[in-house]
Amino acid sequence: MTDTRQRSFEDNDQKPMGFGRMLRKEDPRFVRGRGRYTDDVQLPGMLHLAILRSPFAHARIVSVDTSAAAALPEVKAVITGADLAGLGLAWMPTLSGDVQAVLATDKVRFQGQEVAFVVATDRYVARDALELIDVEYDVLDPVIDVRQALAEGAPLIRDDLDGKTDNHCFDWETGDAGATAAVFAKADVVVSQDLVYPRVHPAPMETCGSVADFDPVEGRLKLWSTTQAPHAHRTLYAMVAGIPEHKIQVISPDLGGGFGNKVPIYPGYVCSIVGSIVTGKPVKWMEDRSENLISTGFARDYIMRGEIAATRDGKILAIRTNVLADHGAFNGTAAPVKYPAGFFGVFTGSYDIEAAYCSMTAVYTNKAPGGVAYACSFRITEAVYLVERIVDCLAYELDMDPAALRLKNFIQPDQFPYMSKTGWEYDSGDYEPTMRLAMELAGYDELRKEQAEKRTRGELMGIGISFFTEAVGAGPRKHMDILGLGMADGCELRVHPTGKAVVRLSVQTQGQGHETTFAQIIAEEIGIAPADIDVVHGDTDNTPFGLGTYGSRSTPVSGAAAALVARKVRDKARLIASSMLEVSVADLEWEKGSFHVKGDPGTAVTIQDIAMRAHGAGDLPEGLEGGLEAQICYNPSNLTYPHGAYICVVDVDPGTAVVKVRRFIAVDDCGTRINPMIIEGQVHGGLTDGVGMALMEMISFDEDGNCLGASLMDYLIPTALEVPDWETGFTVTPSPHHPIGAKGVGESATVGSPPAIVNAVVDALKPYGVRHADMPLTPSRVWDAMRGTAQPP
Ligand code: PCD
């Protein structure tokens with residue numbers, strides 16, 4: 001079954017009463033330029049904020065002289081770290097339990113760090129005034145090479161932390177070291193490979209920003225901000241600023257992409273709040289592109305050693321890995337408290353093995369903070385890259401076909417729910433059909449023949465496979481919380497008297513199309529047309545509490561909440577229907593949108609009739625309150641585990657080492673599919689991300705800590721020109737614990753595609769004896785790999 005190339009306009013034009021292809025409800029406003037983003041917020045008397053950033057990666061602040069800037073008539077405030085320290089606001093907690101400077105007081109710890117801010121009557125004056133601030137720095141040696149961070153005598157970065165004597169951030173391990181060592185010792189074949197997942201940046205089209213409006217009379221704060229987690233942010237502001245939550249309204253309006261970049265709390269948000277409190281006026285802060293790239297959450301930056309043990313005939317026995325993680329100057333990621341390395345623990349992938357072990361050391365360096373989960377359910381991207389690359393290394397050593405090797409080792413359908421060797425319970429999966437479908441769509445055997453033939457002519461064609469399992473939908477609150485906040489999500493559904501409805505979500509779309517898909521979930525459950533269901537989100541005053549959108553958790557958690565809240569409403573509707581039709585509840589049958597008397601379809605009431613009766617004159621069944629609405633807070637019993645099989649075909653020019661992705665086949669299994677059109681869009685976007693990471697993107701630094709990826713001239717992101725016409729397909733293995741069987745899909749393609757592309761390039765270079773090459777596979781790196789002159793990045 002494939003949905004590829006079956007698209008037609010008519011398909012899109014259908015209006016399903018539930019799941020199915022449907023044009024996005026939000027798009028009429030976007031295609032007309034009527035989206036309302038944070039930067040569109042204009043308030044009377046609004047001032048503009050600009051941030052002075054450190055030019056140095058590591059330096060002591062000797063003095064800050066703001067007098068010349070403050071003397072400009074248009075300048076309304078200039079605030080330094082010392083000013084904030086006076087208010088107890090110079091430092092803030094991060095979403096991973098570290099602290100981060102809002103404005104530097106003692107030292108700057110990365111290039112681009114926030115040092116002071118100016119609030120002025122317009123954006124240009126605010127920027128110009130930054131030039132007038134005189135900061136004297138005493139430059140210190142920076143720690144840039146992550147491998148040197150723990151070396152004897154390395155400069156100490158986090159001397160703000162009590163008792164800190166080195167740049168160690170955290171240690172973490174999972175699995176069973178002893179059992180794994182024993183399996184390795186008896187294995188016929190052991191392959192080990194060093195791999196680097198370079199530092200990349202989510203680079204959403206819209207940069208980060210906020211508009212703060214503090215009302216000193218009411219003591220109320222209204223904050224529009226580019227956040228993927230408005231409720232969690234509000235709680236943190238309440239904790240830091242001491243303003244009670246009910247007096248803080250966080251509004252996350254339309255977002256121009258998030259990709260994990262908008263999960264952390266950035267100093268700029270806090271500065272705009274302080275700016276508004278100090279000036280008594282609304283204050284807008286909006287980053288430019290370079291600020292976004294140099295100072296907001298980066299992703300990845302893992303140096304990994306992968307080891308795999310197997311029998312000579314290709315049965316994988318164990319996987320072991322050691323990771324050095326660069327967290328930058330502050331651990332600024334968001335991660336569930338118990339999981340400092342996120343969900344990296346799923347590095348055993350889709351394979352049934354005997355033992356696994358991972359040890360990790362995370363360090364501080366003089367680089368921008370982060371480690372954010374860029375299109376990644378908390379470090380799953382790194383885990384999938386590790387396992388899918390190392391499995392290919394094994395195939396290389398065994399001289400085995402990489403598809404055959406994977407097929408031989410898959411967890412089998414009857415093993416689900418499957419407990420991995422690192423303690424993750426995979427909810428459901430049926431891997432082989434997904435793999436076979438991808439191979440069929442690709443014409444795998446013919447591709448191999450074509451490759452063999454081309455090799456005889458010296459042409460470099462590569463075929464790369466990756467097969468991934470993700471863990472998305474964080475998470476059961478007994479296991480997961482962020483800063484003590486349980487990872488559950490609320491949902492409210494209200495059906496109005498005329499049968500139109502409004503559903504309020506605690507998650508927030510950044511472009512995924514929630515206004516459409518959540519209406520479809522409600523429609524599926526209560527039979528009100530999606531067009532008649534309004535989805536409200538992204539405003540803490542008007543939505544129930546919940547932890548926000550990242551880690552593809554909206555469908556697994558909030559989607560479940562939406563289905564269950566609709567069922568609650570339907571249960572009440574059933575009681576009302578029984579009194580309207582004067583039959584017992586047991587004699588009623590539900591057909592999407594109406595109840596009828598069993599065996600008599602003509603005697604029916606629609607959900608609209610019921611809604612009117614729920615609010616109207618006349619009696620309701622004994623003990624039943626009026627109205628037709630419900631509320632829920634959903635705590636998932638497990639994560640969902642989507643999977644997918646990706647096949648990439650590349651051609652490498654032997655003369656220039658330029659890689660061209662010729663074909664890419666992606667078969668995804670995200671359980672029940674709500675809107676196949678939206679899923680395709682998600683997959684296309686994620687695959688494009690993957691091409692960027694595999695072939696183009698890397699944030700690097702020179703030895704002084706200058707960021708070399710500070711603009712989109714230097715940090716290359718892919719465009720339509722670099723990507724092929726994606727070929728997609730799907731299988732459906734529902735989640736057994738999710739009320740509609742859906743699993744997340746928003747990040748699958750970003751997670752699954754980089755190893756497929758790298759595997760393809762390495763496969764193309766096989767005639768040169770290349771077993772591995774590190775991302776990004778730029779022409780110069782591929783050239784080095786071909787000539788055997790590659791240096792570790
Ligand atoms: N779906 C369907 N079905 C199924 C699943 C799903 O239909 N089964 C769909 C839904 O509904 C939505 C989508 O699809 O709409 C997605 O989903 P999900 O998976 O659940 O996810 P969410 O939560 O919603 O979202 C999130 C994601 C993420 S996470 C990311 S990165 C990215 C993605 O999402 N981002 C973005 N995608 C996207 N898109 C866009 N447009 N934009 C953006 O920004 Mo992170 O962690 O944050 O890093």
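Buried here means 20 or more other C-beta atoms within 10 Å of the residue's own, exposed means 12 or fewer, and partly exposed is in between, with C-beta atoms placed from the backbone.

Before I go on, a word on what we're looking at. This is a predicted model, so local features need pLDDT of at least 70 and side-chain atom pairs count only at pLDDT 80 or more, while totals for chains, interfaces and linings use all residues. Residues are numbered from 1 along each chain as its sequence is written.

Back to Thr-321, then. You'll find Thr-321 in strand S16, residues 316-326. Helices and strands are DSSP runs numbered from the N terminus, H or I with at least four residues for helices and E with at least two for strands. What does Thr-321 touch, leaving out residues up to four places away in sequence? The list is Met-304, Arg-305, Gly-306, Glu-307, Phe-347, Cys-358 and Leu-386. A contact here is two C-beta atoms, placed from the backbone, within 7 Å. Take Gly-306 from that list: Thr-321 and Gly-306 are 15 residues apart in sequence, and their C-alpha atoms are 4.6 Å apart.

Now zoom out to the whole protein chain. There are 19 helices and 33 strands in it. The C-alpha atoms fill a box of roughly 80 × 75 × 50 Å along the principal axes. The radius of gyration is 27 Å, which agrees with the value near 28 Å that a compact globule of 793 residues would have. For the record, that radius is taken over C-alpha atoms, and the globule rule is 2.2 Å times the number of residues to the power 0.38. Of the 793 residues, 56% count as buried. And among contacts with a separation of 6 or more, 79% are between residues 24 or more positions apart.

On to the core. In soluble globular proteins, nonpolar side chains tend to be buried together. By a nonpolar core I mean a set of buried Ala, Val, Leu, Ile, Met, Phe, Trp, Tyr and Cys residues joined through C-beta atoms within 7 Å. Which residues touch the most other members of the largest nonpolar core? They are Val-118, Ile-522 and Val-761, out of 247 residues in that core. Helix H10, residues 380-398, contributes the largest share, 12 residues. As for Val-761, its contacts, not counting residues up to four places away in sequence, are Gly-462, Val-650, Val-652, Val-659, Ala-773, Leu-777 and Val-782.

Let's stay with H10. Of its 19 residues, 17 are buried. From first C-alpha to last, H10 reaches 27 Å, close to the 27 Å expected at 1.5 Å a residue; the expected span is 1.5 Å times one less than the number of residues. Both sides of this helix have something to look at. Arg-379 sits in the loop between strand S18 (370-372) and H10, and its phi is near 75°, positive in a residue other than glycine. Arg-379 is buried too, with 28 other C-beta atoms within 10 Å. Just after H10, Asp-399 also has a positive phi, of about 55°.

Next, the ligand. How many residues surround the ligand? There are 39, and the closest are Gly-260, Gly-511, Thr-517, Ser-554 and Gly-746. The cut-off is a C-beta atom, placed from the backbone, within 6 Å of the molecule. The shell divides into 13 nonpolar, 22 polar and four charged residues. Nonpolar covers Ala, Val, Leu, Ile, Met, Phe, Trp, Tyr, Cys and Pro, charged covers Asp, Glu, Lys and Arg, and the others, Gly among them, go down as polar. Helices H14 (514-526), H15 (554-581) and H17 (676-696) each supply at least two shell residues, and H17 gives the most, with four.

H14 itself is mostly covered, with 13 of its 13 residues buried. Its end C-alpha atoms are 18 Å apart, which agrees with the 18 Å that 13 residues should span at 1.5 Å a residue. After H14 comes Gly-527, with a positive phi near 70°.

Last, some backbone geometry to check on screen. The peptide bond from Ala-474 to Gly-475 is cis, with omega near -20°, and Gly-475 lies in the loop between strands S21 (460-469) and S22 (481-482). The bond from Met-775 to Pro-776 is cis as well, with omega near -10°. Pro-776 is in the loop between helices H18 (748-764) and H19 (779-787).
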